[in-house]
Amino acid sequence: MKNLPLKGLRVLEFTQMVMGPCCGLILADLGAEVIKIEPLPRGDRTRYLSGLAAGFFAAFNRNKKSIAVDMKSPEGLEVVKRLMADSDVVIENFRPGRMESLGLAYDTLSGLNEKLIYCSLKGFLPGPYEHRSALDEVVQMMGGLAYMTGLPGKPMRAGASVNDVMGAMFGVIAIQAAVRQRESTGKGQEVQASLFENNVFLMAQAMLAEAVTGEPSEPWSVKERPWPVYDLFDMPDGTQLFVGIIGDGQWHDFCVEFGREEWLKDARLQSNNERAKQRYWLLPEVREMLRTLPVNDLIARLEAIGLPFAPVRRPGELLNDPHLLASGGLIDIKLPDGTAARTPALPITFGGSRLNPPGGLPAVGADTREVLLACGLDEASVSKLLQAGVVSDVPLPAVPAAGNGARAAQSA
């Protein structure tokens, strides 16, 4: 797609970990010029994480430019402020008070650039908790998600950084709304998104269910399902398959397809709520029926009649998912150590096509000279900053993360 919707928007990104970089990633894939401000000498620390966090940098930093700056020096801060004066958006997700301590709070910067949109991504929005540090785990525990995900008495973190990623999305929504408003006012503003309030938004349906029914929520692991079939089933080949039947039409088609027309005449099974009450005997019969069927045949039959179903997969299996490969849902990238990999594209289409940005992962400081020249500094001034060590344009060697061999095999 040549004319991306955010083309011409310049974004400065002061971020680390997941929520901030993900916000910048979305803006970059939508066409914005996203300039990642990285600290000297090694850049974003997520470049060097291992284990479960080894994919953080690769997942959320493609299609960006990198400038390496010593922000502890007055000269480095002046460079940053010059860039801010020539930018549309600033994204930051540092700990509370960090940007203020550097003299980079919105109130200060708006005097340099009244059109600047300043997006702070924090653990909490303004209120009694705003100075607390937060992680996805923290807000999942205090925001009800871990309770709903785990077993009774054993709250469990969801298996993805759901609040970080969704918080980034709300940040993008706020930024785009502020850009739209700036068209009429001529002025930017500060916008915020957060982990905790994002998690609370995810809990809206459970919160309102308690308000409507007067009953406390139960974890999904033990919660009585409001549908007759909405469960995991063990297959003959050792895999598991989720199947859901949530409407009268689906119930009819299921009974006809699998030869259980007598259930359509059973007085106890004439409505969804009535069928749900009969799960105690109905579900074991369905389970016994499905477990004898070859999984590929069962999937074909469920797909033919339009029932919701899903095989249980590991994340690595998605790298070779035929739908993602055929629809442009995976982007080929090279990791900093040169390993080939695939990463998910944004889950949206424009004109029926997925976005497939050409930019890979930036090396630390790879775009320093280009960015500084573009903001109005001359060659002599840039060379002076480079010689003084205020900025750097020498990409650092990659630090391999653990597990590259296995990762390369999955990506092949």
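These legends describe close-up views of a predicted model.

**View 1. Two domains of the chain.** The domain assignment gives domain 1 as 10-202 + 328-392. Domain 2 spans 229-311. Taken over C-alpha atoms, the centres of domain 1 and domain 2 are 45 Å apart.

**View 2. Cysteines without a disulfide.** The structure contains zero disulfides. A disulfide is a covalent bond that joins the sulfur atoms of two cysteines. For Cys 23, the closest cysteine sulfur belongs to Cys 119. The separation is 4.8 Å, too far for a bond, because a disulfide requires the sulfur atoms to lie within 2.5 Å. Cys 23 is buried, at 0% relative accessible area. Cys 255 also counts as buried, with 0% relative accessibility.

**View 3. The buried face of helix α15.** Helix α15 covers residues 295-304. Its buried residues include Val 295, Leu 298, Ile 299 and Leu 302. Viewed down the axis of α15, the buried residues fall within an arc of 100 degrees, so they line one face of the helix. An α-helix has 3.6 residues a turn, so residues three or four places apart point the same way.

View 4. Asn 296 and Ala 304 are exposed. Both sit on the face of α15 turned away from its buried side.

Notes: Residues numbered from 1 in each chain as written. Predicted model: local features only at pLDDT ≥ 70, side-chain atom pairs only at ≥ 80, totals over all residues. Heavy atoms only, no water. Buried < 20%, exposed > 50% of the residue type's maximum accessible area, 1.4 Å probe, protein only. Domains from an automatic or database assignment. Helix = DSSP H or I, 4+ residues; strand = E, 2+ residues; numbered from the N terminus. Arc of directions from axis to C-beta.
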